[in-house]
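Hi everyone, thanks for making time for this. Have a look at the sequence and the model on the screen, and then I'll walk you through a few side chains.

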Amino acid sequence: MNILKVLTVTNQDVILAFQQKARDFEDCLLATCAKSNKCDGIVTRNKRDFITFGVTLYTPEELLMLFSKIQ
């Protein structure tokens with residue numbers, strides 16, 4: 001839990017995600033929550049589905065490489 005944060009979902013997050021009318025509501029909600037909580041990025045194996053949300057994206061491998069450089 002030192003390198004990640006579990007987010008709560010607020011009513012406002014749901015409303016904002018719904019208003020986006022995105023193809024995949026769950027991806028949109030995840031991106032909305034990440035932005036509203038000022039997250040550094042989202043880790044996903046499917047970057048393609050998140051490109052339009054304007055959130056920094058990492059594959060699990062990219063995140064591991066990033067943290068191996070820091071230490």
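I'll start with the ground rules, then go through the salt bridges, one threonine and a surface patch.

What you see is a predicted model, where local features need pLDDT of at least 70, side-chain atom pairs count only at pLDDT 80 or more, and totals for chains, interfaces and linings use all residues. Residues are numbered from 1 along each chain as its sequence is written, and side-chain values use heavy atoms, with hydrogens and water left out.

So, how many salt bridges does the structure hold? There are three, and by salt bridge I mean a side-chain nitrogen of Lys or Arg within 4 Å of a carboxyl oxygen of Asp or Glu.

Let's take Arg23 and Asp49, whose closest N and O atoms are 3.6 Å apart. Arg23 sits in the loop between α1 and α2 (25-36), and Asp49 in the loop between β1 (42-43) and β2, so this pair ties together parts that are 26 residues apart in sequence. Helices here are DSSP runs (H or I, at least four residues), as are strands (E, at least two), numbered from the N terminus. Arg23 is exposed at 76% relative accessibility, while Asp49 is partly exposed at 22%. For those words, buried means under 20% relative accessible area, exposed over 50%, and partly exposed in between, with a 1.4 Å probe and protein chains only.

Next, Glu61 bridges to Arg45, with 3.2 Å between the closest N and O atoms. Arg45 is exposed, at 67%, and Glu61 is partly exposed, at 44%.

Then there are Lys47 and Glu62, whose side chains meet at 2.8 Å, N to O. Lys47 is in the loop between β1 and β2 and Glu62 in helix α3, so the pair ties together parts that are 15 residues apart in sequence.

Is Thr59 buried or exposed? Thr59 is buried, with a relative accessible area of 18%, and is found in the loop between β2 (57-58) and α3 (60-70). Leaving aside neighbours within four places in sequence, Thr59 is in contact (heavy atoms within 4.5 Å) with Val43, Thr44 and Lys47.

Last stop, the surface. Phe18, in helix α1 (residues 11-19), counts as exposed at 60% relative accessibility. Together with Val9, Val14 and Phe25, Phe18 makes a nonpolar surface patch of about 360 Å².

Technical notes: Patches are made of residues with over 30% relative accessible area and no salt bridge: like charges are joined within 9 Å, nonpolar side chains (Val, Leu, Ile, Met, Phe, Trp, Tyr) within 5 Å. Accessible areas come from the Shrake-Rupley method with a 1.4 Å probe; for residues, only the protein chains shown count as cover.
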